[in-house]
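Trainee: I would like to learn how to read a protein model. Could you take me through one?

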Amino acid sequence: IEIDGHKFDSQAEGRRYSELKLQQHCGVIKNLELQPSFILQAKFKYNGKPERAIKYVADFKYDKDGQMIIEDVKGKKTKVYLLKRKMLLFNYPDINFVETA
């Protein structure tokens, strides 16, 4: 689905974007950002060969009531998602992470 020139993986994600956009317009949230990326493990070399960094890409990031919120819209939670989510929470223990359906 595409809204405002942004492509979303699902209708639920697009719907949540519209809700957050309205909340930002009304002053409930600030600094709405789409697809924020977090490094879970830095890139490195093994036996002289480069290995890519492992990243977690959330759906949204915004400020609400003075706190930074990281939000993901999830229907099905894959094993890869659950592993990366766990790494995100370990590496960034001070974030406020929210899952919505």
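Mentor: We will look at the sheet, the helices and the pocket in turn. This is a predicted model, where local features need pLDDT of at least 70, side-chain atom pairs count only at pLDDT 80 or more, and totals for chains, interfaces and linings use all residues. Residues are numbered from 1 along each chain as its sequence is written, and side-chain values use heavy atoms, with hydrogens and water left out.

Trainee: What is the strand order of the open sheet?

Mentor: Strands (E, at least two residues) and helices (H or I, at least four) are DSSP runs, numbered from the N terminus. Two strands pair if DSSP finds at least two bridges between them. Here the order is β3-β8-β9-β10, with mixed pairing. β3 (30–34) and β10 (96–100) are the edges; each has a single partner strand, so one side of each lacks a neighbour in the sheet.

Trainee: How many bridges join β8 to β9?

Mentor: There are 5, and the two strands run antiparallel. Lys-61 stands opposite Ile-70 in β9.

Trainee: Which strands does helix α1 touch?

Mentor: Contact means heavy atoms within 4.5 Å. Helix α1 (residues 11–25) packs on the sheet, touching β3, β8, β9 and β10.

Trainee: Which residues lie nearest the centre of the largest pocket?

Mentor: A pocket is an open set of points on a 1 Å grid over the protein atoms alone, where a 1.4 Å probe fits, with protein on both sides within 12 Å along at least five of seven lines; lining residues have an atom within 4 Å of a point. Here 15 residues line the largest pocket, and Asp-9, Asp-59, Asp-72, Val-73 and Lys-74 lie nearest its centre. β7 gives the largest share of the lining, 3 residues.

Definitions and conventions. Axes fitted to C-alpha atoms, helices over the stretch in contact; angles between N-to-C directions.
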